[in-house]
Structures are given as C-alpha cells and as structure tokens.
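Load the model in the viewer and keep the selection panel open. The stops below go residue by residue and element by element.

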Amino acid sequence: MRIALVGTVASVSLCFRRDLIKAMVTRGDDVHVFAVDFDDTISPWGLNTTQECNWVVEKLKTYQQQGAYIVIFTACNSDRFEDISNFCNQNDLMISSINKNAFELPYGNNGKIYANVFLDDRAGLFETIEILDGALCNMKAHGNEIQHI
C-alpha cells in the first residue's frame, strides 16, 4: 500500500509540474500568483524552525524574480496584518496583499483567492517547493519550451 501511495504522489507531482509549465508557457500567463500561509510557513510558530521558514522566504524571493506575485493567505485575525506586512518588509519579501487578490479579477472578487499555487506548512509545503523548483529548472533548461516529463 505504501508503494502505491508513493507512486501516486510521484505521479501527481509530475502531472502538476507539467500543468504548471503549460500554464506558464502555452497560455502565455505572465501572472503567477502564489498564495502563502504565514505561521509556520514563512514565520516560525510551532512546528517549523526559523531556518526552515527562512529557506521558504528565500525560495519565494527566487520565484518573485521570475515574476510571481506573493499573496499572504492566512487564518490570522486582521489585527495581525500590520505585523505580517512588517515581517515581510523586514525580510525583503514583497507581498501584493493579505487575504485578498493581488489584482482585480475580470470575473469579480467573490471571496476566493486566485492563485496558481498554494504554499502551506500543513499542505505539502516542501513537496510543492520541490515541484516548483523542478518546473523552474525545466523552463530555464529548455528556453520556456514544454518538455515531456
């Protein structure tokens, strides 16, 4: 059973990477929005260490250099938003917004955050970053041409 699960995860990773590259290249999407949790994703809260969170922040900066928008998508109360914004500024992480879309959507803003990728410590954070890094490497190596992976 474990082998089947591992195989399924690997399979999903390859499909997600392929779909992400397609979205970035073939649809001509110049807009890539990453919705990022705050506590224990980019700022230590309980489970993840400062080193792990700093590593995620550095990865996000790399993705920003490739044109990604960063939206903080958190369950925190709005009274923490100023602290969250200050934390991001102090760590040179430019965020577009907190708990709202980075820009006006053509079909409206009806409560759901638009994002290509969601990064959360409770939802496969490190696996998602591995997939993103693989997609980025693939795109750089092949000049934005879609390769069969």
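Select C88 to begin: at a relative accessible area of 0%, C88 is buried (under 20% relative accessible area with a 1.4 Å probe, protein chains only; over 50% is exposed, in between partly exposed). This is a predicted model, in which local features need pLDDT of at least 70, side-chain atom pairs count only at pLDDT 80 or more, and totals for chains, interfaces and linings use all residues. Numbering runs from 1 along each chain as its sequence is written, and side-chain values use heavy atoms, with hydrogens and water left out.

Next, pick C53, which counts as buried at 1% relative accessibility. The structure holds 0 disulfides (pairs of cysteine sulfur atoms within 2.5 Å).

Now show the strands (DSSP E runs of at least two residues; helices are H or I runs of at least four, both numbered from the N terminus). An open sheet of 4 strands has the order β3-β2-β1-β4, with parallel pairing (strands pair if DSSP finds at least two bridges between them). β3 (97-98) and β4 stand at the edges with a single partner strand each, so one side of each has no neighbour in the sheet. Between β1 and β2 there are 5 bridges, in the parallel sense; V36 has I72 as its bridge partner in β2.

Finish on F34. Leaving aside neighbours within four places in sequence, F34 is in contact with residues including L60, Y63, I70, L119 and L132.

How values were computed: Contact = heavy atoms within 4.5 Å.
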